[in-house]
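Please read the following note alongside the sequence and the structure. It is intended for a reader who is new to structural description.

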Amino acid sequence: MTDARRIVVKVGSSSLTTAAGGLDADRVDALVDVLAKVRSGGEREIVLVSSGAIAAGLAPLGLLRRPKDLARQQAAASVGQGLLVARYTASFARYGVRVGQVLLTSDDTSRRAHYRNAYSTLDQLLEMGAFPVVNENDTVATDEIRFGDNDRLAALVAHLVHADLLVLLSDVDGLYDGDPSRPGTSRIAEVSGPADLEGVTIGSAGKAGVGTGGMVTKVEAARIATAAGIPVVLTSASHVADALGGRDTGTYFHRTGRRSADRLLWLAHASTPQGALVLDDGAVRAVVERRTSLLPAGISAVEGEFSAGDPVELRDPAGRAVARGLVNFDAKEIPQLLGRSTRDLARELGPAYEREVVHRDDLVVLTPRPTP
């Protein structure tokens with residue numbers, strides 16, 4: 001951890017706000033004190049992924065708790081986002097550091113052109129000595145506003161900026177083997193892979209009611225990051241100095257894979273499937289086990305409306321999503337291809353049809369997600 005040069009830190013709403021809503025200036029300043037000190041030598045770069053916009057907007061709008069309807073969530077985010085970035089700007093100004101705000105939606109990490117632009121912006125901010133503060137664009141987001149509480153975004157941003165370490169800050173000082181409020185539970189110091197979490201009960205959002213994440217989304221974020229070659233530390237906001245200083249704190253998730261192609265990571269975790277292809281058992285084995293391209297002969301059904309180039313889910317006969325890929329045909333073209341060989345299709349329909357429905361280079365196998 002002490003060798004990490006570029007670090008992404010994610011902080012949740014409950015670590016920045018009061019339970020009633022509204023920013024806690026002392027908590028924000030305490031976090032900024034640590035982050036400013038760590039980067040002051042110029043050898044380490046930090047990108048902060050910060051929740052808190054919706055929570056910050058509750059009190060000013062007279063809301064007693066986080067609303068359930070999307071329109072009021074977006075209204076709270078609109079008010080709270082300005083307050084959040086203003087608080088960070090004022091706090092970092094004590095150290096002569098300028099803040100750059102970057103608002104993202106999943107489209108910005110799923111569309112390749114947007115992905116490159118987001119990287120260029122964040123990289124330039126770091127090069128110019130500014131401190132990037134990233135948040136989801138909750139005022140226009142839909143699914144993003146209800147899932148992940150920025151944990152998934154933090155993992156994607158860590159991959160986007162080629163980070164050496166991801167630090168997830170919570171209101172709990174690590175992952176426990178049960179409810180940490182009950183006696184007899186223990187902190188899990190290290191996780192080397194999914195097998196280490198078998199039998200572990202992973203909780204949902206906390207009691208404060210200002211966030212939506214909870215431990216399950218943090219473990220999912222850790223899985224995404226570590227599979228892409230980025231180690232993760234999960235600890236409480238009060239222990240951020242220990243985490244960045246390489247001291248024993250929280251739960252350390254070892255990397256389980258190597259950095260993957262940018263498009264495959266966004267395809268797996270940020271894209272929204274526009275339809276689905278149902279595969280027979282042989283095609284499932286070919287795609288999942290042998291990592292081959294998907295050919296028309298292995299497809300038994302097509303669902304939804306999509307165009308060539310769109311992301312689609314690949315499902316087994318039981319309806320489970322086993323992979324995701326970029327399809328080479330429009331949905332309306334595929335029914336005539338089902339179960340047929342590419343050679344026969346080329347002979348009947350022309351050489352344009354002698355190709356894969358999904359090429360293996362545009363295909364990623366999905367792994368099961370943890371459940372609460």
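Predicted model: local features only at pLDDT ≥ 70, side-chain atom pairs only at ≥ 80, totals over all residues.

1. Helix α1 covers residues 25-39 and helix α3 covers residues 70-93. Their axes approach to within 9 Å and cross at roughly 50 degrees. An angle under 35 degrees would count as roughly parallel, and one from 65 to 115 degrees as roughly perpendicular; α1 and α3 are therefore described as oblique to each other. The crossing of the two helices is right-handed.

2. Which residues of α1 and α3 make the contact? From α1 come Ala-25, Val-28, Asp-29, Leu-31, Val-32, Leu-35 and Ala-36. From α3 come Arg-87, Tyr-88, Ser-91 and Phe-92. By class, the residues of this contact comprise 8 nonpolar, 1 polar and 2 charged.

3. The next point concerns strand β7, residues 232-236. Is this strand buried or exposed? Of its 5 residues, 5 are buried, so β7 is largely enclosed by the rest of the structure. A residue counts as buried when its relative accessible area is under 20%.

4. Strand β7 pairs with β5 and with β8. With β5 (165-170), β7 runs parallel, and the two are joined by 5 bridges. With β8, which consists of residues 251-253, β7 pairs in the antiparallel sense over 3 bridges. Val-233 of β7 can be followed through both pairings: Val-233 is the bridge partner of Val-167, and Tyr-252 in β8 is the bridge partner of Val-233.

5. Two residues deserve a check of their backbone angles. Most residues other than glycine have a negative phi. His-162 is not a glycine, yet its phi is positive, at about 60 degrees. His-162 is located in the loop between α7 (151-160) and β5 (165-170). With a relative accessible area of 41%, His-162 is partly exposed, since that class lies between the limits of 20% and 50%.

6. Arg-291 is likewise a residue other than glycine with a positive phi, near 55 degrees. Where does Arg-291 lie? Its place is the loop between α11 (281-288) and β10 (299-304). Arg-291 has a relative accessibility of 52% and therefore counts as exposed, the cut-off for that class being over 50%.

Methods: Residues numbered from 1 in each chain as written. Heavy atoms only, no water. Axes fitted to C-alpha atoms, helices over the stretch in contact; angles between N-to-C directions. Helix = DSSP H or I, 4+ residues; strand = E, 2+ residues; numbered from the N terminus. Parallel < 35°, antiparallel > 145°, perpendicular 65-115°, else oblique. Left-handed = near helix turned anticlockwise from the far one by under 90°. Contact = heavy atoms within 4.5 Å. Nonpolar A, V, L, I, M, F, W, Y, C, P; charged D, E, K, R; others polar. Buried < 20%, exposed > 50% of the residue type's maximum accessible area, 1.4 Å probe, protein only. Pairing = 2+ DSSP bridges.
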